[in-house]
Amino acid sequence: FIAMLGDEENYLIQTHQTRISKEERLFYQVSQLLQNRKGRISRGELEAELNYNSDYINRVVKKHTGRTLSDYSRSFLLKEAADLLKNTDKRVGEICEELGYTNRSHFNRLFIERFGMTPTEYRELEPMRKYIADNKYILPDQVPIFPGFSSHWFVSIVHFNSHRYQV
C-alpha cells in the first residue's frame with residue numbers, strides 16, 4: 001500500500017481555470033491590500049494602487065461583503081488588535097496608538113461591536129481559548145480554575161464554542 005502512495009502514476013493531476021469578473025478581481029486585490037497592510041490604507045492609496053475611483057471600489061466591496069469599504073478595512077484593523085492582545089503583553093492603550101486610534105473609548109466601542117467584549121476581557125479569555133483548543137473533550141471534574149471565572153461560565157463557553165466553532 002505504501003509503495004502505491006509513492007507511485008506518481010496513481011495520481012490524477014488536473015488544472016482548472018475559471019474566469020472571474022473585473023469586480024471579483026478588484027475585490028480580491030482590495031482584500032489582499034487590506035490584509036497585507038492590516039487594514040491601514042486610505043481610500044486615496046487604494047485609488048493610486050489599483051487605478052480605480054474609490055467610490056467604485058466602495059461599491060464593489062459593498063456588493064461582495066454587505067459592508068462599506070471603511071467597515072471592511074476596520075475589520076482587518078480589529079483583527080490585528082485581537083492578534084496583538086492574544087500574542088503580546090502590550091497594554092490596550094499601546095495597541096490603540098500602534099493601530100492609529102487616538103480615542104481609546106472609540107476603539108473600545110468598535111472592539112465591542114466586533115467581538116462582543118472589551119479588549120481587556122478578550123485578552124483575559126485567551127488562556128481559556130487555548131485550554132479549549134488543546135482539550136476538545138472536557139469532563140465536568142476536569143474544568144480548570146481560571147481566576148475571576150466560575151466553572152459554570154467556563155462550561156458555557158465550551159458549549160458555545162462547540163456549536164459555533166466545532167471545538
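This is a predicted model: local features need pLDDT of at least 70, side-chain atom pairs count only at pLDDT 80 or more; totals for chains, interfaces and linings use all residues.
**Entry 1: S31**

I started with S31, which sits in helix α2 (residues 22-36). Is S31 buried or exposed? Its relative accessibility is 11%, so I logged S31 as buried, the cut-off being under 20%. Next I looked up its neighbours. Leaving out residues up to four places away in sequence, S31 touches Y72 and F76. With Y72 there is also a polar contact: the two side chains are joined at 2.7 Å.

**Entry 2: salt bridges**

I then turned to charged pairs. The structure holds eight salt bridges. I noted three of them in detail, as follows.

**Entry 3: K79 and D83**

K79 forms a salt bridge with D83, and the closest N and O atoms are 3.0 Å apart. Where do K79 and D83 lie? I found them in helix α5 (residues 69-87), four residues apart, so about one helical turn separates them. K79 is partly exposed at 45% relative accessibility. D83 is partly exposed too, with a relative accessible area of 23%.

**Entry 4: K90 and E98**

K90 pairs with E98 in a salt bridge, with 2.5 Å between the closest N and O atoms. I recorded K90 as partly exposed at 30%. E98 is partly exposed at 33%.

**Entry 5: R109 and E113**

The side chains of R109 and E113 meet in a salt bridge at 3.1 Å, N to O. I placed both in helix α7 (residues 104-115), four residues apart, about one turn of the helix. R109 counts as partly exposed at 43% relative accessibility. E113 reaches 58%, over the 50% cut-off, so I logged E113 as exposed.

Notes. Residues are numbered from 1 along each chain as its sequence is written. Side-chain values use heavy atoms; hydrogens and water are left out. Helices (H or I, at least four residues) and strands (E, at least two) are DSSP runs, numbered from the N terminus. Buried means under 20% relative accessible area, exposed over 50%, partly exposed in between (1.4 Å probe, protein chains only). A polar contact is a pair of N or O atoms within 3.5 Å; within protein, one must be able to donate a hydrogen and the other to accept it, and residues adjacent in sequence count only if both atoms are side-chain atoms. Contact means heavy atoms within 4.5 Å. A salt bridge is a side-chain nitrogen of Lys or Arg within 4 Å of a carboxyl oxygen of Asp or Glu.
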